[in-house]
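Please find below a note for a colleague new to this structure.

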Amino acid sequence: MKFVIPKLPFALSLFFSLSLLLVFFFAFPLTSLRRPVSSVAVVDEGIRIRRGYKSYEAYIQHQLNKTQNPKLRKVWTTRDWDRKVRVFSTFFQRLSDVGLLSNGSKALSIGARVGQEVAALRLIGVADSIGLDLVPRPPLVVKGDFHAQPFDAETFDFEFSNVFDHALYPEKFVGEIERTLKPGGVCVIHVSLHGKTDKYSANDLYSVKPLVKLFKRSEVVEVRKIDGFGLDTEVVFRKNKD
């Protein structure tokens, strides 16, 4: 005897199909299918987190792959050294000339690699300067994570960074700057708004607006175009005194 599956009326069939679809949607929302384990929400339409990582340790290791690369470190400390110190000193001297930096400032360079920015600060007379990076290089650079700076609150008068694009958590990156910056202190960020970052970047910035929004306790002093080793925009903030 041949078994025949009876055909359901169209309306009833449609009802069962929609029911199954709703069950699947609530059990497995689209975000869970698209989003990796450690994904980060987009801060603003003008900034995009580039990729997810299985863990924060995986992100750190990815960054260390660049920072610890012996070929890159050799380049940074030899043929690149004088050129970068000269260019950075030009940037810092201009800031000093307009009163945003002084020889008495206590300064921090965030993501300083081998310390060219620190050497440039000291070259123009800012003697109390130090760098922060995952890999230390004494006496110019100490070890630390820019998502959780190893410094007390309100330590620095001036902070500089050209590695905002490497921040997996931009809000934490900026939050730590505002925590460790003294009231009235100045922060200078160099960024690219035209996608000229490398494979180690963790975010892409398409506008200054989302960066400005991240600074909850500071005001913008100026925004200007620069030519800074692939980065095209300088944004200067001053932390509020109240």
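The points below take up the helix, then the pocket, then the cavities.

1. The model is predicted. Helix α6 covers residues 116–123, and because six of its eight residues are buried, the rest of the structure largely encloses it. Those buried residues are Q116, E117, V118, A119, A120 and L121.

2. The packing partners of the buried α6 residues include both helices and strands: α4 (70–77), α5 (81–97), β2 (107–110), β3 (129–133) and β5 (156–161). After α6 comes G125, which has a positive phi near 110°.

3. The largest pocket holds about 340 Å³ of space. Its lining comprises 21 residues, and K66, K84, R113, D198 and F229 are the closest to its centre. Helices α4, α5 and α6 each contribute at least two lining residues, with α5 giving the largest share, three residues. The lining consists of nine charged, seven polar and five nonpolar residues.

4. Two cavities of 30 Å³ or more are found in the whole structure. The largest cavity contains about 220 Å³ of space. Among its 16 lining residues, Q63, T67, D133, F146 and H166 lie nearest the centre. Both α3 (56–67) and β3 give two or more residues to this lining, and α3 gives the most, with five. By class, seven lining residues are nonpolar, five polar and four charged.

5. The second largest cavity has a volume of about 100 Å³. It is lined by 11 residues, with D165, S192, T197, N203 and L205 the closest to its centre. Strands β6 (181–191) and β7 (203–205) each supply two or more lining residues; β7 gives the most, with three.

Terms used. Residues numbered from 1 in each chain as written. Predicted model: local features only at pLDDT ≥ 70, side-chain atom pairs only at ≥ 80, totals over all residues. Heavy atoms only, no water. Buried < 20%, exposed > 50% of the residue type's maximum accessible area, 1.4 Å probe, protein only. Helix = DSSP H or I, 4+ residues; strand = E, 2+ residues; numbered from the N terminus. Contact = heavy atoms within 4.5 Å. 1 Å grid on protein atoms, 1.4 Å probe; cavity = no way out; pocket = protein on both sides within 12 Å on 5 of 7 lines; lining within 4 Å. Points joined across faces, edges and corners; volume = space filled by probe spheres on them. Nonpolar A, V, L, I, M, F, W, Y, C, P; charged D, E, K, R; others polar.
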